[in-house]
Each structure stands twice: as structure tokens, then as C-alpha cells.
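Student: I have a model open and want to learn how to read it. Where do we begin?

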Amino acid sequence: MAENNVSKTKKLFTVCGLVVLALGIILYFAKAPMGLNRKIYDLPIFLIIIGLGFACKGFMMKPGAKELELSKKSFGEFLTNNAILLAMLVLVIVICILQPRFMQIRVALDILTQSSTKLIMALGICFTLLIAGTDLSAGRMVGLASVVSASMLQTATYANRFFPDLPQVQLWMPILIAIVACMIFGALNGFLVAKYDMHPFIATLAVQVIIYGACSLYFDMPPNNSQPIGGIRPDFAQLGQMRLFAGIYQGFPGISILIPIALVICVIIWFVLNKTVFGKNVYAIGGNREAAVVAGINVFRNIMGIFILASCLYGIAGVLEAARTAGATNNYGNGYELDAIAACVVGGVSLSGGIGKVGGIVMGVLIFTIIQYGLQFINVSPMWQQVIKGVIIAVAVAIDLTKYRRK
Amino acid sequence: MSEYLLEMKNITKTFPGVKALDNVNLNVRAGTVHALMGENGAGKSTLMKCLFGIYNPDGGEIFLDGKKANIHSARQAMDQGIAMVHQELHPIRFRSVMENVYLGRFPGHMGVVDHKAMYDKTKALFDDLELDVDPLALAGEQSAAILQMMEIARAVDMKAKIIILDEPTSSLSDREVEHLFKIINRLRAQGVAFIYISHKMKEILEISDEVTIMRDGQYVGTWPVTDKATGEKLTIDFIIKQMVGREMTNQFPPREGKPSDDVVLKVEHVCSPLKKSFQDVSFELHKQEILGIGGLVGAQRTEFVEALFGLRGIASGQIYLNGAKYTNKNPGFAKSKGLALLTEERRATGIFGILPILENTVIANQKHYANLGILNEKKMRVEADRECKKLNVKTPSLETLIQNLSGGNQQKVLIARWLLTNSDILILDEPTRGIDVGAKYEIYNIMLEQISLGRSIIMISSEMPELMGMSDRIMVMCEGRVTGFLNKGEYTQEKIMALATQFAGRKENTAA
Amino acid sequence: MRKVFILALTFLLVFSFTASADEIKIGSCIYRFNDAFMLRFRNAMSAESEKLGAKIEHADGQDNQITQNEQIDKFIADGVKVLIVNPVDRMSSQLIIDKAKAANIPVVFINREPPEEILNSYEKAYYVGAKAEESGTEAGQIIADYFKANPAADKNHDGKIQFVLLKGQNGHQDMILRSKYSVEAIKNAGIEPVEIASAIANWDKLQAMQIMNAFTMAIGPENIEAVIANNDEMALGAVEALKNSDYNKGDKNFYIPVVGVDANASALDAMNKGEMLGTVLNDSDNQGAAAVKLAYALASGGDVKSIGYEITDNKYIWIPYQKVTRGENK
């Protein structure tokens, strides 16, 4: 019976996938003759990708995998468990109807690009959340890294150079300096938390203020005097703006280099969390700090490591933000930490520590970006955007908590 | 008026993959103490949680005084006269005793608390229960016994008809147990029914009127402690037989061989920086020896072994490991020197509840599986699996979260954790606390096996039979000081008690 | 050692008092030192004071009105002849005026304009600044001028300007005025403006870039004829977004005029590269000079009419904004 059921599920996935795939292919060839080019844009390609995904999932499904029960109860459960995802899908469909231009490959790529730096930040902050902490200094570290890196990477001819006499240094040097600067402050975070057992909220709040002050002092140094930093060297800007495979076919805008960068970091962080002693220690300290001490884990060293690694990621995010926008001010990154925490939480990271997966964080960040981008796309008022964002956070966490409470 | 004050009929509760309760019955008469017994994992706690509204049973009915009761939350349970005193108490530490007693139902008007009334009421309650505690004292400063009495006082004040006591004596001294029984007897005479969960056979036979036994989530039966017709009492052997489903002849496995003369650990005049904690502790631990540490609650035994393991500091004294000087820097260092500590508070300082068994097993030994910080998962899995199988941990898989295991199985996982580190000296702090008879026997076997492998054990135990049955030598502590050593063959319960209470009179003297 | 130190300090104090007896001392209260615009303003005032032979002392209000009030008290106690105040909170100007009135010294407000009735409550109170709406007007004029000079900029040939508006922080006075008057200026120049999209980007380059990215995707860059931003940073963000869609990279056929306000260095650089059309300069040098000249005249009893600036309503000196477009800047 169960065997039968599994093959049924498998069949369902495969057939659905193939139908969507076929529809996509038909539309792809039919859209030009039917004059739908300006009505559905790249929808066929999306359908082909979704169809392929489903079909592959069905095809790869192993016998004995969890059966898909079709009943009122399981349907209801499915609805609540994936409420945020479904709400997002509905929103996406509505946007597509209101503004068919949303169905473009370049829009999807743009969303991924915007998610990239946010994802890198969220991956950093998730470490601090995993030990039941938090990091309020994350946003300001982004600002610090962007200002420091941009200040040393201006073109020689730019009128208002930060360091008028600085030669054109190797690209990696200022980047490294910026990231190391962040890591020093990360170490300060870790030291306060680990050494004095300070609550991370307070420790990182203090460091946040320090960083902003220090960054503003740096930013205010003559001759710059708090002017926004511009005249960024093209090779540095390329680091955030380069597009790969551009024009591989007619009209393909190219994949922003930020996407592969974020992907690589994702893989590294996944590896660190799941395959290394450090990662296991993070979960252990988050799960039960006292027990971790008894088990002989060096909590001090691990907490230091957590904050330093996290700040390294913020530093990378900051450098990329500077490169992407070809500029920097001391206000960059302001409030990013809250967005990143919210994305983590929506992605299933528990604020009480010990629970959280990289996959969830990726989902959380994507959901947030898609909704934000979509609302922007159809020009919804920013005040409404705020309201919607808040509702998402509350609903997502409420659903998550009921899931855990269901014993 | 129905015959029973409480009837639980055919209670069934299923968790994902486990049938925790299968048609269980429990009938409790007013004015009796009803013992609920069974091995760990037999479903006692689950049944009580169903009664107390923490879980909703999947099937079955609950009747109170013959009327069907609907209990969906702890609050509803309390409103209907059911109170529960949990095994591990979590008072609000920085509030006074009286506030803890009246938590959630402060006396007063329109949101303004009447502190005077609260004080007087608490005082009256405590006087009634012969408790000499200042209602204004901080709850966090009270002993486990006082906290328990506080909970009972709370239940009495709420006019509870049924009071559930979950392992009430697990951290009480004999004198405190006596006091507790006095209170139980008095309340029983007033018509209050107790549901008494315990593993301690002697206590059960002493205090209870009826015994209900459960095994593997099923109802085994209910017996009166004293047969009305014949006047015969239940025997311990009979109860154990019903609990485990087999005869248990020996509580302790036979000890083979003797400790060697080699000294592996030498402690000289070790003092805690805190005056009230351990002072001037000296002893030697021999290879292949089980050194038992006896004493009452508050003897600072736990504090001492924690200091040995680097969790607490010491002010003075020397420690030598295999002749070399040892400093108690931190647990990581202690671990590297071949020490292992199984802590007393399993949940607070032992398990990582939200992590799978696999991680819980290998966490203290990760370096062994890592190459440049990257873990070899296959090796981890193989060793964890081997160790868990050897210790007979009952679990569907290594991926199961440890919090879903019974206490005994959690304890076995923790022992597996320390066995994996191949430590030479195992320090076991109350290794069988709150664990059923079958699992206890298994743990004793593991201890003896370790001894035969050339290791040594320090065991803290508050259970006299265990202490005497397992130790090669017993060191007794009282109020932080070592009061004497007893060798195998020369110890009796009386001798140990005499040493453990050596300073007991001193406190009263100084207080007066 | 300590005695010597105290002695020295006393001498210093006495010396400074005697020194201030002859020359005119101006107390200047800046709302916050760490502000690029006010920094230039401050430098201009110091330079002008030196020229006039007056002594000016600046105080950092640290963006806190209470701190600033204390500094004003201190200046009055020190015996300054005139106050120049850049209020933290323009609604608190009444308190400042009351203090000046009590000490009977003139006060010149700069950069942040006190409400009219408050300014009118003291005959020796003046205001030197720029009309915020003018910055909007000039930005709009830059766009209008560009359209008149380049008919091809009207991509759909409907005679109207389809523009995107990027606004600053919500509720900010500059944001409201600049948004309103830039559109009005286009209308006044005889071209009908059509707002196809607008958003709040909080003066921020990054936010502006992300929003502009979404807009170009949603509307299509071929349908946008102009971008008006409330400041240069947002204009530059829009430029980055447009470059992302291969616009404003030098090809005349793929160009959308973008204007901002502030004339900061990055904007000038972008204009030199042809990525941005123009910006508007809030003339801090001129404002600083005017403020000090006015203060000096007031303190020395000179004729305020002869300082070389027109005084409107006997209260205001308005310094005009300056358009900066491609090729005009150095």
C-alpha cells in the first residue's frame, strides 16, 4: 500500500512537472506568432525551469521516501507550514498580472543580485543567533567596510580623493584592510560576550555605537570632511557590477558576479556549520551552554570565532556594497542587521539558539527580497511596504513556533 | 460520591513513532497515597502530563468525583483541584518564598498586591506544615527540600484534592524525607489524595496505600500495599517483577578483582575559595578502584568534583595525576588529562536537548574525528553507533533528538559520550538518579567493565544501597569536609550516616 | 606644579578677556560639526571673520538642542557682541531669541529658518539662507533647458516629460519643497511633466539604486525620459542602476538625463563623465560670508544696508542656489 502510494506521489510530481514543461515549450514557440511577446515576456522560460525542477524531483524520488498524503488535514497543515511561501507566490502572480514585465529573466536575476549581499550578511548574523545571541553591530560594520575600502580605491584623477597622495594600490589590499578592520571589531564583540559574559544585545549595541563613531571620524578626516566617497576605480566597481555570460543569447543581461560570490559563501558556511568541529560547537553552545562547558568545549574561543567569522562576512558584504554602488558613506548598512535578523527568523532560525539551517536562511532572504522588490515594482507606498514586512515577520515566527509546539 | 476521587480510563497517547500510553487506567481514592511505578520510559510522566493538562490524550476519559472532566491546560487542572510538584523545581529565584507560593494569584484588590496578607497567609501555611522558613527569604537561596515543601504548601492553599508528587525524595536527606512523610500523612488524614511517583521501593511500601504499575506504556495492574483480607504486605521483589516483567534477584552485579595499589589521583588539602564550600579535602584514588563519595545534600560533593574537573576554582591545595602535578584550568584541559565528569543535573549541564543523539554522543570527542577542523562523519557515526549499541540505548536512530529519549537512555548516551574519550578517571555524579531498575543494572555493569579495563571511578551517590553495593571504598563528606573513609566490608548504613551528620549539630549551635 | 598650572590658567583667562575687549567677538552655534555642508559653511564664516578682523568662535551643538542652549548661555556670559545660530530644532528658535533679547545682542540665524512669527518677535533677529524651493526650481529648470536644447530627449514625441522622482526622507522640508518645485519649474517652462513613478529613497545612494533598478525593469528604460532626485547621492544611485541597464554609458541613444542637488564631488565627477546631467549648488561660501558681514555690521553698529546683500523685509538675506551642469564645473 505504502509502496503504491509513493509511486503515486512520484507519478504526480513527474506528470505535473512534464505538463508545466510542455506548456512552457509550447508557449515559447507560440508567443512570437501569437503576439504575446509584450504580454508574457519570459514566462515560458520560467515555466520550463519550474517544470524541469518538478519532473526531476519526481524522477529522483526514492522509493520509501515520505509519502504525500492527500487529505483535508494534511492539506491544512501544508497551508499553515508554507503560509509565507504561498503568500509570496500569490503576490508574485498578482504582480505578474498587474505588471507583466515582472516575468522577465532579468528581473529574476536582479532579485538574486539584490539578495546576494543580504544573504552574506544573514549568514554572518545567523552564527550569533545560533548561540542565542544577536549582533546589532552588523549594519555598521557594512558601513565601515564600504567606507574603508572605497576610500583607498579611488581613481587618480578624481577631484575629491580621500587620500590625495595614495598611489593606485593592488585591489586586494584595501579590501583586506576593510575586512580586517571589521574583524577587529568582531573580536571586540566576541571578547565582551565571551570574557565578561555580557549579553550579546548589549555588547554589540555598544560596539555598534563605537563603530559608527569611529567610521564617522574616519569619514570626516580632511580633506574628505564627510563628503560621500565617489570616483571609485573601475576595477573595484567591477567586483560588484561585473556580469557574467552577458549577451550569451539575444537580450540576456548576464549574471551578476555577486550571485556566484554569495553561492560560494553559502556553500562554505554550510560546510562550516555541518562538517566542522567549529560548526558543531556552535550548535552545542546554542543548545546548552552549560553542557558545552562540561563537555570540554572551549566556549571562549568558539564565541570569539563566531563573532570574528560573522564580522568577516559583514566586511565582505560591505566591500561588495561599495563596489556595487561605486561609492560609500558612513551611513551605508544602517539598519541592515534588523533586516538580516528578520530574514533569518523567517528562514526558521530560532532566537533561543541551536536551531537554524543555511537552506532556511537562503529562503528567508529570498522571500524578503522578492516581496520587497515586487512591491517596489508595482510602486506600492513605502509605508505599506513597512507594514507588510512587519506582518511577514510576525506571521512567519508564529507559524514556526506552533510547528515546534505541536508535540 | 463515587468510590474514586479520580478515574483515568483507557488513556492513550501517541507521539510520532511511539505509542507512549496504551489504554492506561488509574483509579485513586480520596485520602490515600497512590504510588505510580514503572521503569523510566514506562509512561508515568506522560500519564501525569495528560492529567495535568500539559498533553492532550488521543483517547480515553478522565473523571473527577464521578464527573467527566475536561482538562486542556495546567490552569484548568489547578482549578479542578489537581496540583503537581515536579521533580525538578524551577522557582523564580530572585523573588521571595511567599511570592512564589502565591504566584499567579496574589492576594489584593484591583491589581494592587496586599503584601501583609500574603505574608500572614504564607506564615500560617508554613506553621501548619511545621516549616521554619521566612516567607520573605529569596526562593533561590532555599534547599530543594524547602522548595518542595513550598510547592506542597501552594497546593494545600489552593485546596488541591489531588497532589502529584514526581520523585519527591530524589534530592532529600533522610530527615527531610521524614518531614515530608509527616506532611503527607497529615494531609491524607484531611482527605487529600496523593499520586506518588518514585523508584524507591522502601519509601513506597512505607507511605503508600495502593500501587499502580506500568510497563512500556501499558497498564500492568493495581495492588493494595497491605492486603485487607490477609494483612500481607507487597514485597519489593514482587513490584520489581511486575515493573520489569522478569525476576530480579541481584541489584548489583558481582565485582571481580581488586583495586591495584597504584595511585592515579592524589588530592591534598584542596580548599574552595568559598568558605561555605568544600574545605581541606584529601584522598587518594587507586587504579581500578571505585571510590564512593557519600554524604547528605549540601555536603559539597558535587562542588568538589566540579572543581576537580575545572568548572570551579580552588583556593589552595595540590592535585597530582599519576604523580604529576595537575592544575584544574578548565574542563577542556581536564579532559585532555584523562578526566571525565558525568554531571548530576542531566538536563541543565548534560544533554543538548535539541541536538540528535549522534552529536550528543561525540561532542566531547570531536577532535578525535577531525582533520584540520573538518569532521569525518562516517567515523563519528560508526563509533557513536557502536557505543550506543553497547550501552543498549533504546532509540529509533542516531538522528533522534535526545530530548525525546527517556531519562535512563539520555544518561546512557551521556555515559557513551565520556567512554568515547577513553578517559582514565571517570567521575560519576549520581549516575543512576531518576533511572529505572533495569537501566541501573546496566550502568553498574558498564562501571565494572571500565574498572576491568584498568580505569578508575569516583562515584557520588545519595542512595545508600548503591553506595555500599558498588564502592570499593567510601569517603564521607559533611558540610564540605571529609569526615571519614570506610573500607569495603566495614561499612553499614549507620556508620555512613554517623559520618555524614558529624557536623549536623553545629549549625543549630551557631544559630542559637 | 598644580599651583603653577592654575596660575597659568588664570592668566590665560584674564588675558583672553582683555583681548576681547577691543575686537568684535562673534559666537557661532552650529547644529552639528560633523555635517559636510555646515563644515564648508563654517570655514567660509571663519575666513570672512578674519578678513573683517573679528573673532569668531564655533560651538558644536552635537545635534542636541539642550546642548546648544547651554552653549548660547555660555557665549552670552562670555560677552559676545553677536550670535550666529544654526538651530538644531528650528521650532526652538523662540527660546534662543528670548536669550538674545534678554542680553540685548543681535542674533543671525543661518541654514535653518525659524518660523516667521518667531523671527518677527525681535527686531535684532535676522535670517541668512537659501530658499529651499529654489533648489527644486533650478533642478527642474536644468531638465527643461535640456529638453529645449535636445528635442530627441522626448523619446515618445508627445511633448511631455515622463519622469521618475526619487525623494529624500519622508516629511523632510527639503524633500517636500524640492519635489514640488522641480515639477513646477518644468511646468513653468512650458513643458508638461508626467510623473510615472516616485519613491522615497531616504537620501541614500544604495536605496535609490535598488529602487531605480526595480523601476527600470518595471517601466522599461526606453519609457523614462528624466530622473529627478532630491539630492546627488540618490541621483548617483539612479545613475548606477541605469548603467546596470546599459544606459548613461556614453551612447547618446541610451541616455536618460538625471539631476540632483548639492553639487558634491562625486556628482561633479559623474557629470564630467557624462553620466549625470546636472545638479544645484547650495552656495555655502556666499551664505557664510553674508552671515558674518551682517553680524559684524550689527555688532559694530554699522549700516546693515551697506554690506552688499539685499535685505528682504528687513529680516532676510536670500542667497540664490546655483545651477551646475555638464561642462560648467571645474
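Tutor: Start with a cut-off. Buried means under 20% relative accessible area, exposed means over 50%, and partly exposed lies in between. Keep in mind that this is a predicted model.

Student: Then is Asn10(B) buried, exposed or partly exposed?

Tutor: Use the cut-off. Asn10(B) has a relative accessible area of 40%, so it is partly exposed. Asn10(B) sits in strand β1 (residues 6-15) of chain B. Check its backbone too. The phi of Asn10(B) is near 50°, a positive value in a residue other than glycine.

Student: Which loop of chain B holds Gln288(B)?

Tutor: The loop between β14 (281-286) and β15 (290-295). Gln288(B) is not a glycine, yet its phi is positive, about 60°. At a relative accessible area of 22%, Gln288(B) is partly exposed.

Student: Now helices. What span should helix α7 (residues 138-151) of chain A have?

Tutor: The expected span is 1.5 Å times one less than the number of residues. For the 14 residues of α7(A) that gives 20 Å, and the end C-alpha atoms are 20 Å apart, which agrees. Burial comes next. α7(A) is mostly covered, with 14 of its 14 residues buried.

Student: And how many residues does helix α6 (residues 105-130) of chain A have?

Tutor: It has 26. From first C-alpha to last, α6(A) reaches 35 Å, close to the 38 Å expected. Now look along its axis.

Student: Where is the kink in α6(A) centred?

Tutor: On Ser116(A), with a bend of about 35°.

Student: Is α6(A) largely enclosed or open?

Tutor: Count its buried residues. They number 22 of the 26, so α6(A) is largely enclosed by the rest of the structure.

Student: Which residues does Ala340(A) contact, leaving aside its neighbours within four places in sequence?

Tutor: Contact here means heavy atoms within 4.5 Å. By that test, Ala340(A) touches Met121(A), Ala122(A) and Ile125(A). Compare sequence with space. Ala340(A) and Met121(A) are 219 residues apart in sequence, but their C-alpha atoms are 6.4 Å apart. Ala340(A) belongs to helix α15 (residues 336-346) of chain A. At 5% relative accessibility, Ala340(A) counts as buried.

Student: At what angle do helix α10 (residues 234-241) and helix α14 (residues 299-325) of chain A pack?

Tutor: Angles of 65 to 115 degrees count as roughly perpendicular. This pair packs at about 105°, with the axes 7 Å apart. α10(A) and α14(A) are therefore roughly perpendicular to each other. Now find the residues that meet. The α10(A) side includes Phe236(A) and Leu239(A), and the α14(A) side includes Val319(A) and Leu320(A).

Student: Let us zoom out. How is chain A divided?

Tutor: Into domain 1 (1-59) and domain 2 (110-333). Their C-alpha centres lie 40 Å apart.

Student: Which pair of chains shares the most contacts?

Tutor: Chains A and C, of the 2 pairs in contact. Chain B and chain C do not touch, and their nearest C-alpha atoms are 38 Å apart.

Student: How many helices and strands are there in chain C?

Tutor: 11 helices and 12 strands. The C-alpha trace of chain C spans about 75 × 50 × 35 Å along its principal axes. Of its 330 residues, 56% are buried. Then check the contacts in chain C with a separation of 6 or more. Residues 24 or more positions apart account for 71% of them.

Notes. Residues are numbered from 1 along each chain as its sequence is written. Chains are lettered from A and ligands numbered from 1 in the order in which they are written. This is a predicted model: local features need pLDDT of at least 70, side-chain atom pairs count only at pLDDT 80 or more; totals for chains, interfaces and linings use all residues. Side-chain values use heavy atoms; hydrogens and water are left out. Helices (H or I, at least four residues) and strands (E, at least two) are DSSP runs, numbered from the N terminus. The bend at a residue is the angle between axes fitted to the seven residues ending there and the seven starting there. Buried means under 20% relative accessible area, exposed over 50%, partly exposed in between (1.4 Å probe, protein chains only). Domain bounds come from an automatic or database domain assignment. Axes are lines fitted to C-alpha atoms, for helices over the stretch in contact, and angles run from 0 to 180 degrees between N-to-C directions. Angles under 35 degrees count as roughly parallel, over 145 as roughly antiparallel, 65 to 115 as roughly perpendicular and the rest as oblique.
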